[in-house]
Amino acid sequence: MASVRRVMLLAFATALWISGTQRAEAQLKLGYYAHSCPRAEAIVKDEVEKALADDEGVGADLLRMHFHDCFVRVIRYCCCFRCCSIKCVDAAWYNASNPQGCDASLLLDSTNASKAEKDAQINLTLEGFDVIDTVKEKLEAACKGVVSCADLLTFAARDAIVHYGGIHYKVPSGRRDGRISIASDTDVLPSPDFKLAKLTDLFISKGLSQTDMVILSGAHTVGIAHCDAFSKRLDSGDPTLDSKYARVLRRQCPPKSNNTVPMDPKTPNKFDNRYYRLVLSNRGLFTSDVSLTSTPGTATLVESLARNFKSFQLKFAEAIVKMGSIGVLTGNDGEVRSNCRVVN
């Protein structure tokens, strides 16, 4: 009975959160800055292009920033079986995803009182915060106090994808910036060691589906990985890692090194669907990558995405727009930071 009650409470908490997410998503809209800052998206695009001209790899960091920003923060909901006009009884607290998802909390600097998300272990390899600073300065010069850092980051991720050869997709905007950033909140971010069930549970907890998870994993088609993210597979002789590729990786990643290797050795700066072909040939770097073929349903989806580049691009655009709506702050919630590193 207790276990049934726990499942019911957790389901209720998740339903509350998804409902809140859907309401927030509805408040975002295309062309949000059409009158208040008509060149906002053009300014972001121009500065991202300049940054990628200097360092083409930083676009993958901008994309990873967007993902990591949207997936953190937790809140506690009170879920009740019996409620009356005065109080809730038989109540239990359960952690559920905070409505403050895509709120640019990742961009805040640590303070003397609190270690911020960007200084958590999982985010220490992220680069590109200086790019965000430059874009924000340009936006403030054009339209002071108008464009949020959360929208800036969402636009920048889209523009990086386009730079790498992805399709241009429209981004609903109107996000506001959060005021809290706590390093320990990043504990929920997926690990390269996650298997399919754990990945699926995490994405569902954010209002996304298993299909969304497989599609968004396609972002691994660009960027680099540090050797320690997959060294366990090399050390254990993981049979799900192609033996020839494993030998190449061992040369690139000698013991105790933390070198970097491209996620896609042939086209590391091209937003294509080769990632899925690598997964199918046991050349995905992470355990989380190979796990995508561990069930017939997900394997079929991987095969479909590997065959059809245009379909992958369209589906990825749809999924990342959906991800960009996770728990956004809108209306009078939050703020529009003048400097993305600090609260106003």
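**View 1. A51 is a residue of helix 2.** Welcome to this predicted model, in which local features need pLDDT of at least 70 and side-chain atom pairs count only at pLDDT 80 or more, while totals for chains, interfaces and linings use all residues. Residues are numbered from 1 along each chain as its sequence is written, and side-chain values use heavy atoms, with hydrogens and water left out. Helices (H or I, at least four residues) and strands (E, at least two) are DSSP runs, numbered from the N terminus. A51 has a relative accessible area of 14% and so is buried (under 20% is buried, over 50% exposed and in between partly exposed, with a 1.4 Å probe and protein chains only). Once residues up to four places away in sequence are set aside, A51 touches V58 and V131, where contact means heavy atoms within 4.5 Å. Along the chain, A51 and D130 are 79 residues apart, yet 9.5 Å separates their C-alpha atoms.

**View 2. Helix 2 packs with helix 4, which spans residues 129-142.** Two packed helices are described by the angle between their axes and the distance between those axes. For this pair the angle is about 145°, and the axes lie 10 Å apart. Axes are lines fitted to C-alpha atoms, for helices over the stretch in contact, and angles run from 0 to 180 degrees between N-to-C directions. Helix 2 makes a right-handed crossing as it passes helix 4; a crossing is right-handed if the near helix is turned clockwise from the far one by less than a right angle, and left-handed if anticlockwise. On the helix 2 side, the contact uses A40, I43, V44, E47 and A51. Helix 4 answers with V131, T134, V135, K138, L139 and A142. Sorted by class, the contact has 8 nonpolar, 1 polar and 2 charged residues. In this sorting, Ala, Val, Leu, Ile, Met, Phe, Trp, Tyr, Cys and Pro are nonpolar, Asp, Glu, Lys and Arg are charged, and the others, Gly among them, are polar.

**View 3. Here is E47, in helix 2.** E47 has a relative accessible area of 10%, so this residue is buried. With its neighbours within four places in sequence left aside, E47 contacts T134, V135 and K138.

**View 4. Helix 2 (residues 40-54) also packs with helix 5 (residues 149-163).** The axes of helix 2 and helix 5 are 9 Å apart, at an angle of about 55°. That angle makes helix 2 oblique to helix 5 (under 35 degrees is roughly parallel, over 145 roughly antiparallel, 65 to 115 roughly perpendicular and the rest oblique). The crossing of helix 2 past helix 5 is right-handed. Helix 2 brings E41, V44, K45, V48, E49 and L52 to the contact, and helix 5 brings L152, F155, A156, R158, D159, A160 and H163. These residues divide into 7 nonpolar, 1 polar and 5 charged.

View 5. L107 counts as buried because its relative accessibility is 2%. Apart from neighbours within four places in sequence, the contacts of L107 are M65, K118, F129, I132, C149, R337, C340 and R341. Most residues other than glycine have a negative phi.

**View 6. N282 and D238 each lie in a loop between helices.** N282 is found between helix 10 (274-280) and helix 11 (287-290). Although N282 is not a glycine, its phi is positive, at about 60°. N282 is partly exposed, with a relative accessible area of 30%. D238 is placed between helix 8 (231-236) and helix 9 (243-252). A relative accessible area of 17% makes D238 buried. D238 and T287 are 49 residues apart in sequence, and their C-alpha atoms are 9.4 Å apart in space.

**View 7. The protein as a whole has 13 helices and 4 strands.** Of its 344 residues, 50% count as buried. Among contacts between residues at least 6 apart in sequence, 76% join residues at least 24 apart. The protein exposes about 16,300 Å², and carbon and sulfur atoms supply 54% of that area. Accessible areas come from the Shrake-Rupley method with a 1.4 Å probe; for residues, only the protein chains shown count as cover.
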